[in-house]
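This report describes a protein model for a reader who is new to structural analysis. Please keep the sequence and the structure in view while reading.

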Amino acid sequence: MLEGVYILVHGKVEKGQDIWDAFVQSVDRGEAAQAEIIRFTVEGDPIIEYVYYDGKQFYLCVDNSRDAYRGKGDAYYEARYSSMVKEEKILEGGGKTIEYCLYDGENEYSIVYIAE
């Protein structure tokens with residue numbers, strides 16, 4: 001099985017929560033950090049995300065070349081972001097979601113979305 005990877009399947013953590021937690025802690029301290037995230041689509045195709053923080057800004061590379069339903073969009077996406085924000089929401093019925101979004105002032109990218 002994949003080592004050193006944070007794996008999400010339909011908003012549920014499958015493996016590697018410690019990897020994501022270490023990344024977030026490093027970011028909170030202003031230290032350079034990186035994480036590899038694999039999210040699976042409903043059909044089971046992997047979308048691989050690499051996020052790197054250099055102590056000041058975030059670099060993101062998304063590889064969705066294995067997603068059979070990506071359409072005619074680009075197979076790879078790269079961008080820089082200036083900040084990462086954690087948002088927690090309580091849902092009707094008692095559940096909750098946790099979302100980490102990268103921002104650059106105009107654009108945002110939801111890097112991690114967890115439903116609990």
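Glu-49 is buried in this predicted model, because its relative accessible area is 0%; buried means under 20% relative accessible area, exposed means over 50%, and partly exposed lies in between, with a 1.4 Å probe and protein chains only. The residue belongs to strand β4. Strands (E, at least two residues) and helices (H or I, at least four residues) are DSSP runs numbered from the N terminus. The side chain of Glu-49 makes a polar contact of 2.5 Å with the side chain of Tyr-109. A polar contact is a pair of N or O atoms within 3.5 Å; within protein, one atom must be able to donate a hydrogen and the other to accept it, and residues adjacent in sequence count only if both atoms are side-chain atoms. Leaving aside neighbours within four places in sequence, Glu-49 is in contact with several residues, including Ala-35, Ile-37, Leu-60, Val-62 and Ile-111; contact means heavy atoms within 4.5 Å.

Residues are numbered from 1 along each chain as its sequence is written. As the model is predicted, local features need pLDDT of at least 70 and side-chain atom pairs count only at pLDDT 80 or more, while totals for chains, interfaces and linings use all residues; side-chain values use heavy atoms, with hydrogens and water left out.

Strand β4 is mostly covered, with six of its eight residues buried. The strand is part of an open sheet of six strands in the order β2-β1-β3-β4-β5-β6, with mixed pairing. The edge strands, each pairing on one side only, are β2 (12-15) and β6 (76-81). Neighbouring strands of this sheet are turned by 25° against each other on average, direction ignored; such axes are lines fitted to C-alpha atoms, for helices over the stretch in contact, and angles run from 0 to 180 degrees between N-to-C directions. Two strands pair if DSSP finds at least two bridges between them. Strands of a sheet pair through backbone hydrogen bonds, either parallel or antiparallel.

| Strands | Bridges | Residue pair |
|---|---|---|
| β3 and β4 | eight | Gln-34 and Tyr-52 |
| β4 and β5 | six | Val-51 and Leu-60 |
| β5 and β6 | six | Tyr-59 and Arg-80 |
| β8 and β9 | seven | Leu-102 and Tyr-109 |

Two hairpins involve β4. The hairpin of β3 and β4 has five residues between the strands, and Gly-44 there takes a positive phi near 100°. The hairpin of β4 and β5 has four residues between the strands, and Gly-55 in the turn has a positive phi of about 100°.

**The three-stranded sheet**

A further open sheet has three strands in the order β7-β8-β9, with antiparallel pairing. Its edge strands are β7 and β9, each pairing on one side only. Neighbouring strands here are turned by 20° against each other on average, direction ignored. Helix α1 packs on this sheet and touches β7, β8 and β9, and its direction makes about 125° with that of β7.

Glu-88 lies in strand β7 (residues 83-90). Is this residue buried or partly exposed? Glu-88 is partly exposed, because its relative accessible area is 46%. Its side chain makes a polar contact of 3.2 Å with that of Lys-86 and another of 3.3 Å with that of Lys-96.

**The core and the aromatic rings**

The largest nonpolar core has 25 residues, and among those touching the most other members are Trp-20, Phe-23, Val-51, Phe-58 and Val-112. A nonpolar core is a set of buried Ala, Val, Leu, Ile, Met, Phe, Trp, Tyr and Cys residues joined through side-chain atoms within 4.5 Å. The elements giving two or more residues to this core include α1, β4, β8 (96-103) and β9 (108-115). Leaving aside neighbours within four places in sequence, Val-112 is in contact with residues including Tyr-6, Trp-20 and Tyr-100.

Rings of Phe, Tyr and Trp (its six-membered ring) pair if their centres lie within 6.5 Å; planes under 30 degrees apart count as stacked, over 60 as edge-to-face and the rest as tilted. By this rule there are six aromatic pairs. The rings of Tyr-53 and Phe-58 have centres 4.5 Å apart and planes at 35°, so this pair is tilted. Both Tyr-53 and Phe-58 are buried. Tyr-6, Trp-20, Phe-23 and Tyr-100 form one aromatic cluster.
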